[in-house]
Amino acid sequence: MPGTERHTEENLLPNSFGFRYSTNPHVEEEKWERRRLCRSFMKLFAKGAPAQEPARPQILVGSIPASVLASAQAVGLSGENCLFSIRSDMDLRGRPCEVWLVVGHDRMAAFTADRLEVRVLSGPFEWRKASKVRNYQTVGSMFLQLRLDEMYVDVVRFSNGFRESFGRAVVQLQRLLKGEPLNPDALKAPSETRCNVCGLPLPGLRASCPRCAKRRGIFSRTLTLMQPYWLSIFALLSMMLLGVMLDLIPPQLTRYLVDHVLKPESADMLAGNSNGGFQGFLERMVLGSASWTRGDRMGILVVILACLVAASAIRQGVNIFIGRVSSLIGTRITKELRERLHRHLLHLSVDYYNRHSAGNLMSRVLYDVDYFQGFVHQVAHGFLLNLLLVLGIGTVLFFMNTRLAVVVLLPIPFVMVGTTFFWRHIYPRYYRLWDSQSKMAQLLTGFLQGIRLVKAFSQEERERARFSSSAGYMQQARRSVEMSMATFNPIMGFVFGLGGLLIWWAGGEKVLRGLSGEEGGITLGTLMAFFGYMGMFYGPISQLTMFSNWVTGFLSAGQRVFEVLDSSQMLPEEPRPVRLSAMKGAIELRNVTFGYDPYHPILKNVSLTIEPGRFVGIVGKSGSGKTTLVNVICRFYDVQQGSVLLDGVDVRKIATEDLHRHIGLVLQEPFLFRASIAENIAYGRPDAPPSAIMDAAKAANAHDFIARRPNGYDMKLGENGSGLSGGERQRISIARALLCDPRILILDEATSSVDTESELEIQKALMNLCKGRTTLAIAHRLSTLKNADRIFVMDDGRIVEEGTHEELLAREGIYSKLVRIQTELSRLEGGHDG
Amino acid sequence: MMADAQQRTSVPFPGDETLRQTGYRRLTPDNTRIFEGSFSLLHCHVEGGGLYRGVRAVLMFPISHPDRYISLRYTDERDQDQEIGVIEDLLVFPEAVRQAVRESLVRQYYERVIHRIHSIECNYGLLFFDVTTGQGRERFVMQWRHDRAEDYGETGKVLLDSLDNRYIIPDVEKLPAADRRVFVNYIYW
């Protein structure tokens with residue numbers, strides 16, 4: 001009985017998620033429950049991201065969970081004859097419940113642990129009688145199916161979160177069906193989709209866990225970007241402090257001016273004798289303003305004005321310094337960030353680009369990065385400056401007169417509450433505006449790229465309507481934002497204005513009290529100074545309320561930028577890669593299985609060998625896996641099973657630059673850069689001399705048409721080679737491949753998109769290109785492969801035929817059928833032409 | 001687009017009849033017998049086409065026409081998915097058939113519909129959702145990436161969590177205002 005087993009360290013094994021588990025299911029379940037309770041307890045005190053439930057064991061090798069043991073025994077499945085049990089999260093109709101598939105030596109069945117009555121969900125199935133077993137993907141879930149009686153039968157259903165464990169189970173069942181032994185280690189391998197430490201789902205297969213890697217927030221990471229400039233930033237902050245102090249001076253000088261210099265005194269005094277020279281002047285200064293003559297006052301007025309001018313000049317000097325330094329830092333940071341993004345984009349796998357539109361990535365590099373310059377600006381001019389001003393001026397106000405300072409603060413709570421409500425109201429409107437802008441950009445890009453199609457189908461009116469609808473959406477979104485702003489800003493202005501009126505009321509009363517000599521009065525100069533400071537106080541407050549707007553924009557832009565930088569969809573590089581300075585060009589695929597979605601294989605157990613220097617053709621209908629085969633040979637993707645070898649070395653171990661240096665690729669749609677013809681040909685060898693470039697062009701049958709251009713090889717090409725015909729573009733791409741002298745040449749439908757005359761020219765060029773190289777040619781036009789040393793025929797991700805043209809014709813299989821169809825088509829085309 | 005599609009189906013076009021001759025096979029009660037066979041799987045007998053066993057139903061327009069244009073498919077001996085034909089209107093079939101086809105559709109789609117969004121927390125570039133779906137209160141984690149939240153029809157969104165499970169918001173505008181505000185704070189595209 002499982003419950004009576006002894007539990008030693010030996011029978012505690014790591015399960016598929018890295019937890020150690022007992023071969024005794026009772027102990028295992030108990031431990032899981034304990035861990036879950038512990039995690040729930042910790043959650044009460046945890047801050048930050050919600051804690052993840054610990055990953056519960058999904059596969060038990062050689063045992064049946066206690067919850068379904070009785071049901072399993074009832075259908076003849078027991079602990080002794082159980083190979084493994086695997087957990088699912090739903091029944092066949094998709095209702096959530098705990099389900100266990102128990103696989104015995106001869107039979108399997110699915111049981112629910114949740115229901116008391118009907119516990120057998122499906123089966124038992126005599127699975128050894130099945131011809132095949134597979135996982136079948138539907139929308140949002142999968143089925144493990146057995147092929148029984150010439151049809152696939154659903155055994156158990158599971159959500160996509162269980163794909164990894166069922167993927168492993170199916171591999172083992174396939175092995176068992178072939179008569180191979182069960183590999184328990186493969187079932188127990190650590191998860192590649194969840195973190196084995198914290199259980200958090202990983203951003204990609206085998207990617208590092210963002211939680212355990214302690215990835216920081218956007219602000220914190222932006223500050224890290226600024227680290228190299230800490231000296232400049234320190235200088236900026238110092239200047240900013242100086243600026244704030246300078247801003248505090250003018251109102252104080254004004255106050256002195258009003259209270260002491262421009263103060264009305266008796267006419268006698270103003271007309272008094274100002275003799276006595278400088279000493280006399282100093283004496284009168286000590287005696288106070290009452291003894292000042294008109295001349296004295298004029299002198300002081302000039303001095304104060306000079307101080308005001310100096311303060312203003314220094315302030316502007318400080319502003320110039322802050323502006324220039326912040327611009328220097330800001331532009332450097334954005335340049336570096338753009339370069340980092342570009343570098344990262346260069347190293348991302350092809351798969352990443354399949355998932356993201358070019359326009360979307362462009363806008364991140366071009367526009368979102370600009371927000372980081374805004375960050376520096378905010379540090380220098382915005383948030384910090386305003387905060388310092390509010391603190392500095394607030395302190396001065398309280399020093400000058402506490403009661404008046406409180407009156408100045410009265411509107412602030414209303415402003416804060418109003419702003420909070422306002423931003424709640426306007427956030428969704430802002431997001432809609434950004435969404436509308438993005439959608440319009442996408443619409444325009446599509447329209448401009450497909451303009452010929454629009455004209456060919458006479459859909460100008462429809463496009464006009466679509467654009468009008470998009471423009472209308474954008475107009476609505478913008479109007480909504482601007483109308484909200486147009487309402488909010490005057491209201492806030494009114495609230496601030498009320499603050500000013502309150503100061504007039506309270507301050508005026510105090511001035512009058514001061515004039516009549518009562519206690520608690522203030523001078524007119526103090527009131528004037530208060531007004532001066534009040535303007536300087538409300539301005540930054542108003543700016544600070546708008547800060548959240550900027551933060552929202554910055555956070556979303558920062559998220560888009562860091563999203564690219566954090567993308568881990570890069571192919572792993574060996575720490576010590578194999579360097580291949582020379583290559584013979586042997587290609588071998590050993591039992592390769594690969595799918596762009598790992599759970600949907602495109603290539604299924606493909607094996608082939610190509611000797612160096614051979615010309616090999618790959619044929620097959622669309623979707624049969626031809627281009628995928630090329631993609632794995634070039635290592636644009638890593639295979640999920642098996643290996644691809646070049647000269648006997650696994651491509652995953654070869655240094656990427658060596659690998660790509662030895663492989664030349666000519667695609668159906670040649671890509672040319674916005675550069676001269678010469679630069680395009682020399683793209684893979686920028687140091688190639690003009691003579692080599694011309695030789696390559698000559699061999700590619702491109703030299704003559706280039707020579708006819710007014711600017712010859714210096715002709716600048718437009719976007720994607722505009723200005724050249726399709727055939728011409730293709731010949732330039734062939735010249736580009738020739739110049740690099742690759743040992744392996746891959747031609748992916750190189751002639752299928754050009755006219756017959758161009759095809760002839762290109763075929764001649766290709767004959768030159770293929771000499772002495774291993775050539776892999778994918779072609780729909782089978783006539784181009786007649787002279788191939790070997791032809792592989794692909795169907796549904798497998799190589800189904802192999803041989804020379806004659807051998808394959810004689811076999812009367814798929815190839816001969818394809819040849820017959822093409823011959824018939826050519827005859828029909830010939831008939832029409834005739 | 002939806003209006004366009006409806007327009008395409010309602011306005012007769014001179015070439016439609018020609019296209020129909022080489023188009024998909026229409027499955028009607030007159031030419032098709034659908035029934036539940038061995039292993040409780042859907043079986044389908046088509047006049048002139050023979051018997052197909054282990055048949056699956058797939059919606060061709062799951063968002064714009066969720067009740068119509070149902071493709072019946074099977075896996076052939078080479079493991080390739082093949083179409084038997086398309087039921088344009090399930091309502092013209094007897095009730096038992098309708099039940100059987102709907103049962104098959106239940107197996108084909110597993111999408112949780114979000115009714116409420118209680119909170120979204122952003123940490124480590126991941127969004128931690130706390131929602132109420134048709135199955136009750138749930139939590140899931142998704143990467144904060146544009147390709148993980150796609151459009152679903154004109155106004156909806158489909159969210160793919162980190163394990164590729166699908167969560168549908170049929171119409172973002174119909175979420176309660178507070179929930180919508182939380183949602184568009186993060187999923188604004």
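This is a predicted model: local features need pLDDT of at least 70, side-chain atom pairs count only at pLDDT 80 or more; totals for chains, interfaces and linings use all residues.
Chain A contains 27 helices and 20 strands. Of its 834 residues, 31% are buried. Among the contacts in chain A with a separation of 6 or more, 67% are between residues 24 or more positions apart.

An open sheet of chain A is built from 6 strands, with mixed pairing and the order β16-β17-β18-β13-β19-β20. The edges are taken by β16 (663-666) and β20 (798-803) of chain A; each has a single partner strand, so one side of each is left without a neighbour in the sheet. On average, and with direction ignored, neighbouring strands of this sheet are turned by 20 degrees against each other.

Within the sheet, β18(A) is paired with β17(A) and with β13(A). The pairing of β17(A) with β18(A) is parallel and comprises 5 bridges, and A:Leu745 stands opposite A:Thr775 of β18(A). The pairing of β13(A) with β18(A) is also parallel, over 4 bridges, with A:Val616 opposite A:Leu776 of β18(A).

Strand β19 (residues 790-795) of chain A runs antiparallel to β20(A) and is joined to it by 5 bridges. In this pair, A:Ile791 has A:Gly803 of β20(A) as its bridge partner. Helix α19 (residues 626-633) of chain A packs on the sheet, where it touches β13 (615-619), β17 (744-748), β18 (774-778) and β19 of chain A. The direction of α19 makes about 150 degrees with that of β18(A). A further helix of chain A, α24 (residues 726-739), packs on the sheet by touching β16 and β17 of chain A, and its direction makes about 180 degrees with that of β16(A).

The largest nonpolar core has 64 residues, and the members that touch the most other members are A:Ile681, A:Ala696, A:Ala700, A:Ile734 and A:Ala735. Helix α24(A) gives the most to this core, with 6 residues. When neighbours within four places in sequence are left aside, A:Ala696 is in contact with A:Ile681, A:Ala735, A:Leu738 and A:Leu739. Another core lies apart from this one; it has 41 residues, among them A:Ile64, A:Ala110, A:Phe143 and A:Leu144.

The contact between the chains takes 41 residues from chain A and 39 residues from chain B. On the side of chain B that touches chain A, at least two residues each are supplied by β3 (50-59), α3 (95-108), β6 (112-123), β7 (126-133), β8 (136-143) and α4 (177-186) of chain B. Helix α4(B) gives the most to this side, with 4 residues. By class, the side of chain B that touches chain A has 12 charged, 13 polar and 14 nonpolar residues.

Technical notes:
Residues are numbered from 1 along each chain as its sequence is written. Chains are lettered from A and ligands numbered from 1 in the order in which they are written. A residue is buried if 20 or more other C-beta atoms lie within 10 Å of its own, exposed if 12 or fewer, and partly exposed in between; C-beta atoms are placed from the backbone. Two residues are in contact if their C-beta atoms, placed from the backbone, lie within 7 Å. Two strands pair if DSSP finds at least two bridges between them. Axes are lines fitted to C-alpha atoms, for helices over the stretch in contact, and angles run from 0 to 180 degrees between N-to-C directions. Ala, Val, Leu, Ile, Met, Phe, Trp, Tyr, Cys and Pro count as nonpolar, Asp, Glu, Lys and Arg as charged, and the others, Gly among them, as polar. A nonpolar core is a set of buried Ala, Val, Leu, Ile, Met, Phe, Trp, Tyr and Cys residues joined through C-beta atoms within 7 Å.
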